[in-house]
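This briefing collects backbone, pocket, core and salt-bridge features for review. Please read it alongside the sequence and the coordinates.

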Amino acid sequence: MSSAGTKCMWMRGGTSKGGYFLASDLPADDAARDALLLRVMGSPDARQIDGMGGASPLTSKVAVISEATRDDCDVDYLFLQVFVDRALVSDAQNCGNILAGVGAFAIERGLVPVAGETTDVRIFMRNTGQVATASIATPGGQVYYAGDEAIDGVPGTAAAVPLVFDDVAGSMCGTLLPTGNAVDLVEGVEVTMIDNGMPIVVLRAADMGISGYETPADLDEDDGLKARLEALRLACGKMMNLGDVTEKSVPKMTMVAPARHGGAFMTRSFIPHRCHDTIGVIAAVSAATAALLPASPVAGMASIPQGARKVMAVEHPNGATACVLECDEEDRVLKAGMMRTARKLFDGMIF
């Protein structure tokens with residue numbers, strides 16, 4: 001990091017927050033880049049007091065944007081998770097929340113021209129090799145952040161950012177169901193191992209000895225539960241073609257219970273060692289997809305809409321994440337999307 005600083009935009013994307021950088025403004029060497037980002041966030045330190053991180057995995061995230069390497073896309077997006085209390089920067093997963101800010105950032109930085117009242121930005125997600133389209137409000141030739149869209153986990157309202165994904169099945173595991181099964185018995189627990197954009201393990205909260213309605217803080221203090229979850233995660237990681245996941249942030253562990261607020265089902269998601277205050281956007285899509293598998297642990301308790309286009313509210317500790325699943329006549333998911341919002345917080349130099 002030079003004495004002149006590094007150009008950066010800080011944004012809220014969905015229910016997360018982090019730094020957005022042009023790849024050209026960061027060191028080309030990955031090790032040097034990661035060292036800089038650790039300094040930017042103030043890691044490793046539980047408070048991240050010497051940086052911009054907010055002492056949570058949800059506020060210690062980075063988007064690296066570059067010109068498109070594919071003819072069918074506008075920009076490339078690399079997501080990096082900067083660990084809070086460890087000197088680790090990981091590209092092992094995608095992030096659909098931070099994705100919500102990528103289109104606006106690309107337009108602001110001049111990588112994508114405004115196309116009218118709304119500008120669609122095709123984004124190649126380098127972490128998974130998949131493509132998403134973000135629709136950005138651009139009235140008057142510039143990005144418009146104010147609006148009436150509300151999402152749970154974020155106060156107030158903002159401009160809607162619809163996100164629609166091309167085929168993301170098997171994004172990291174190679175196939176939607178990496179074991180070939182809708183349900184497996186692992187460590188004596190029935191689980192669905194699934195990857196529809198985010199590798200997750202779905203299991204009943206009751207099978208882990210909890211209700212599934214506990215607060216994240218209560219679950220974070222349950223050392224016995226966390227130990228059982230980690231043993232399951234390590235075993236499932238190998239079965240999901242992810243190898244040894246000890247140092248990886250995937251798969252996410254998603255415990256499910258019947259919905260309490262009119263949604264499809266309730267979740268408590270670990271990411272991977274702390275309980276998420278909400279649920280990751282793409283993890284919610286994977287969980288909703290699991291609910292359409294008749295044998296899965298979540299299927300028996302889920303409220304599934306009829307029709308080819310299913311809007312499913314995946315409940316979490318702070319509300320619900322709305323997923324849109326477009327299915328064929330056999331309820332196999334063809335396309336998935338969701339509604340997010342984003343807001344520019346500052347634009348300038350980071351030191």
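The points below are grouped by topic.

The model is predicted. It contains 15 salt bridges, a largest pocket of about 480 Å³, and a largest nonpolar core of 83 residues. Two cis peptide bonds are described first, one between Ser43 and Pro44 and one between Val250 and Pro251.

**Backbone geometry**

- Most peptide bonds are trans, and most residues other than glycine have a negative phi.
- Ser43 and Pro44 are joined by a cis peptide bond with omega at about 0°. Pro44 belongs to the loop that runs between helix H1 (30-41) and strand E3 (61-67).
- The bond between Val250 and Pro251 is likewise cis, with omega at about 0°. Pro251 is found in the loop between helix H5 (223-239) and strand E12 (252-257).
- Gln48 is a residue other than glycine with a positive phi, near 50°. Its place is in the loop between H1 and E3.
- Gln48 counts as buried because its relative accessibility, 1%, falls under the 20% cut-off.
- Asp331 also has a positive phi, near 65°, and is not a glycine. This residue lies in the loop between strand E15 (319-327) and strand E16 (333-350).
- Asp331 has a relative accessibility of 29%, between the limits of 20% and 50%, and therefore counts as partly exposed.

- Ser56 is located in the loop between H1 and E3.
- With a relative accessible area of 16%, under the limit of 20%, Ser56 is therefore classed as buried.
- Leaving aside residues up to four places away in sequence, Ser56 touches Gln48, Val84 and Arg274.

**Largest pocket**

- The volume of the largest pocket is about 480 Å³. Helix H2 (96-99) and helix H6 (281-291) are the elements that give two or more residues to its lining.
- H6 supplies the largest share of the lining, three residues.
- By residue class, the lining consists of 14 nonpolar, ten polar and five charged residues.

- In soluble globular proteins, nonpolar side chains tend to be buried together.
- The largest nonpolar core has 83 residues, of which Tyr77, Leu99, Ile123, Val191, Leu203, Met255 and Phe265 touch the most other members. H6 contributes the most to this core, with nine residues.
- Beyond residues up to four places away in sequence, the contacts of Val191 include Val183, Val201, Leu203, Leu232, Cys236 and Pro297. Another core, of 16 residues, lies apart from the largest one and includes Leu26, Val40, Met41 and Ile350.

**Salt bridges**

- Side chains of opposite charge can pair when their charged atoms come close.
- The structure holds 15 salt bridges. One of them pairs Arg33 with Asp34, whose closest N and O atoms are 3.0 Å apart. Both Arg33 and Asp34 are buried.
- Arg39 and Asp50 form a salt bridge through their side chains, with an N to O distance of 3.3 Å. Because Arg39 lies in helix H1 and Asp50 in the loop between H1 and E3, the pair ties together parts eleven residues apart in sequence.
- Arg39 has a relative accessibility of 52%, and Asp50 has a relative accessible area of 54%. Both values are over 50%, so Arg39 and Asp50 count as exposed.
- The side chains of Arg122 and Asp72 also meet in a salt bridge, at 3.9 Å from N to O. This pair links distant parts of the chain, 50 residues apart: Arg122 is in strand E6 (residues 118-125), and Asp72 is in the loop between E3 and strand E4 (75-82).
- Arg122 is partly exposed, with a relative accessible area of 22%, and Asp72 is partly exposed at 37%. Salt bridges with shared partners join Arg70, Asp72, Arg122 and Asp166 into one network.

Key: Residues are numbered from 1 along each chain as its sequence is written. This is a predicted model: local features need pLDDT of at least 70, side-chain atom pairs count only at pLDDT 80 or more; totals for chains, interfaces and linings use all residues. Side-chain values use heavy atoms; hydrogens and water are left out. Helices (H or I, at least four residues) and strands (E, at least two) are DSSP runs, numbered from the N terminus. Buried means under 20% relative accessible area, exposed over 50%, partly exposed in between (1.4 Å probe, protein chains only). Contact means heavy atoms within 4.5 Å. On a 1 Å grid over the protein atoms alone, a cavity is a set of points where a 1.4 Å probe fits but cannot get out, and a pocket is an open set with protein on both sides within 12 Å along at least five of seven lines; lining residues have an atom within 4 Å of a point. Grid points are joined across faces, edges and corners, and a volume is the space filled by probe spheres set on the points. Ala, Val, Leu, Ile, Met, Phe, Trp, Tyr, Cys and Pro count as nonpolar, Asp, Glu, Lys and Arg as charged, and the others, Gly among them, as polar. A nonpolar core is a set of buried Ala, Val, Leu, Ile, Met, Phe, Trp, Tyr and Cys residues joined through side-chain atoms within 4.5 Å. A salt bridge is a side-chain nitrogen of Lys or Arg within 4 Å of a carboxyl oxygen of Asp or Glu.
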